[in-house]
Amino acid sequence: MSRQNWVLIAVLVLLALVPLTGSRYYVFLLTDVLIFGLFAVSLNLLLGYTGLVSFGQAAYFGIGAYAYALLIKKAGLTFGVAFALTGLSGAAAALIIGFFCVRLTKIYFAMLTLAFSQIVWAIIFKWNSLTGGDTGIYGIDFPEFIGSKTKFYYFTLIVVVVSVFLLRRIVNSPFGRILTTIRDNPERTESIGINVKLFQLLAFIVSGFFSAISGGLFAIFNHSIFPDFCYWPISAEVLIMTLLGGMYSFFGPMVGAGVLLYLRLEVTSYTQYWPFILGSILVLLLFFFPGGIVGFFQDQIKKWRPSK
Amino acid sequence: MNFDFSFVAIQFLYGLTNAMFIFLIASGLSIIFGVLGVLNFAHGSLYMLGAYTTYQCVSFFVDSPGYFWWAVIVASVTVALLGGIIERLLLRRLYQHEQINQLLFTYALVLILSDVARFIWGVDQLSVSRPAVLKGAVEIFGQYFPKYNIFIIFLGPSIAFLFWFFMLRTRSGRMIRAAALDRETLGSLGVNVDRLFTVVFVIGSWLAALGGALVSPVVTIRPGMDVEIIINAFIVVVIGGLGSFWGTFLAALMVGTVYSMGILVFPRLSMIFIYVIMVLVLIIRPWGLLGRPLQR
């Protein structure tokens, strides 16, 4: 087994042991980190692996959250069915929206994903009778068999680990290799007979699926949901997480989510000026660590061991 | 609902006022994108700072005659210079980076500037009173319509015309247009492209700040106005065509009037209408109504 896999298993064991410390603070923080880490990794399938800048990823996160809440509260489905449909709802939305978006490139792609996510937001915001409008939906309880914060932490851990495992298989598969080829040179990929738009669309759907899963998890974690889940600053925030960790490494976005959420929790207990701090971190990152945290450490390791 | 003609006409005039404000802001966004290739999220923040700085200047100058106009000039120029400093010291270093990095840098500015404004002016809603000359209303079709709004409706096209004249007929305007088309060739012809970029960013920032300064008497100045306006400005620029000047004007008119008319007919859907127009434009003509296809 490779060294990276040993590290992953060690991290996983540590994560599984965290609730034994009895610290509610860390259980809370890590649940949050796992959920947003999955969200960021799913975004990075587009950003880092396919070279598509999606500026509207909050749409699928929000759709997942609302799909779960509505299926449980309004449709009265059982937990298993509702949770499975959560991911599919994101994939379905990504299929429809992606169908139009992949026809465009670069900045126009980013603008169209943003425009669609704003439509999703506006619909959720205005459709009072279904979504509760501005007040959102309250009272989303833990399902019976995961009735405590610790149990929910383990549930989240399992869902996220399985999802991330699947995503890692995807990026290392021939399909994933085609995506990186598209990122590096779409014209050449097209000319060797690969349907670039189709593969971009498939990546978009997979990404939407896992973003919706993370949205569904967050709905349960937060016990209530709001239209702001789909609003564009969330899309920006998950992009920042991805870049902070490093978009050219698979686990980078996970690290970015961890660092950002930890800092936010710590900083907001001292000062109300968190946006200022976040903005400053982002500026430092762009100017001095363009490869993100993971990219920075990878460079350092290479420097110290030139012959790997 | 009562749809008598005068009511619809007045609503249309309010829409036209809004369109002019959106035009001022979006035209700055458009010229910065057209020349620098940067989609500036912080444009809304400059607009917000323009409004706050006007409030500050008004309270400084309140005893002198014509204080509102001085406040508008001083505030918009100050914010424009701030834009110039940001471009010179920071943004400049990112031109060689990927577009996503530039986008995130301007988003970082949104976060920083919103907190700076919150730190200086707090979270209370502030307001500026209308200048003495333009207080009161005139009667149009039996309804009262504020004089200040009429002034804005005339000011918008005047600025559009001046701007168009500047771009088409002056040497600086020609160089800006040349830079939008091919900055390498322009540089090799001996034009200082670096300085030109700063000038364009200052002009764009000034337009945003002017929008903020002029809007201050008709809205409440408060945190969050930056994020609200930027999406509308993006929509206008995208519908009109990124970098297209008259496209921006046309799209601002469309968005302003569709919004105010839409509220009359479908109060819940007027916001969605505009997003849908944007999506349709992006799908059918990604380069916008009056733009031309770009190789970016």
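Select helix H10 of chain B and colour its buried residues, which are Phe245(B), Gly247(B), Thr248(B), Phe249(B), Leu250(B), Ala251(B), Ala252(B), Leu253(B), Met254(B), Val255(B), Gly256(B) and Ser260(B); a residue is buried if 20 or more other C-beta atoms, placed from the backbone, lie within 10 Å of its own. The model is predicted, so local features need pLDDT of at least 70 and side-chain atom pairs count only at pLDDT 80 or more, while totals for chains, interfaces and linings use all residues. Residues are numbered from 1 along each chain as its sequence is written, and chains are lettered from A, with ligands numbered from 1, in the order in which they are written.

Next, zoom out to the whole of chain B, where you can count eleven helices and two strands; helices (H or I, at least four residues) and strands (E, at least two) are DSSP runs, numbered from the N terminus. Of the 296 residues in this chain, 45% count as buried, and the C-alpha atoms fill a box of roughly 60 × 50 × 35 Å, taken along the principal axes.

Finally, show both chains together and look at where they meet: 31 residues of chain A are in contact with 29 residues of chain B, contact meaning that two C-beta atoms, placed from the backbone, lie within 7 Å. On the side of chain A that touches chain B, select H5(A), which gives the most, with twelve residues.

Technical notes
Buried ≥ 20, exposed ≤ 12 C-beta atoms within 10 Å, placed from the backbone.
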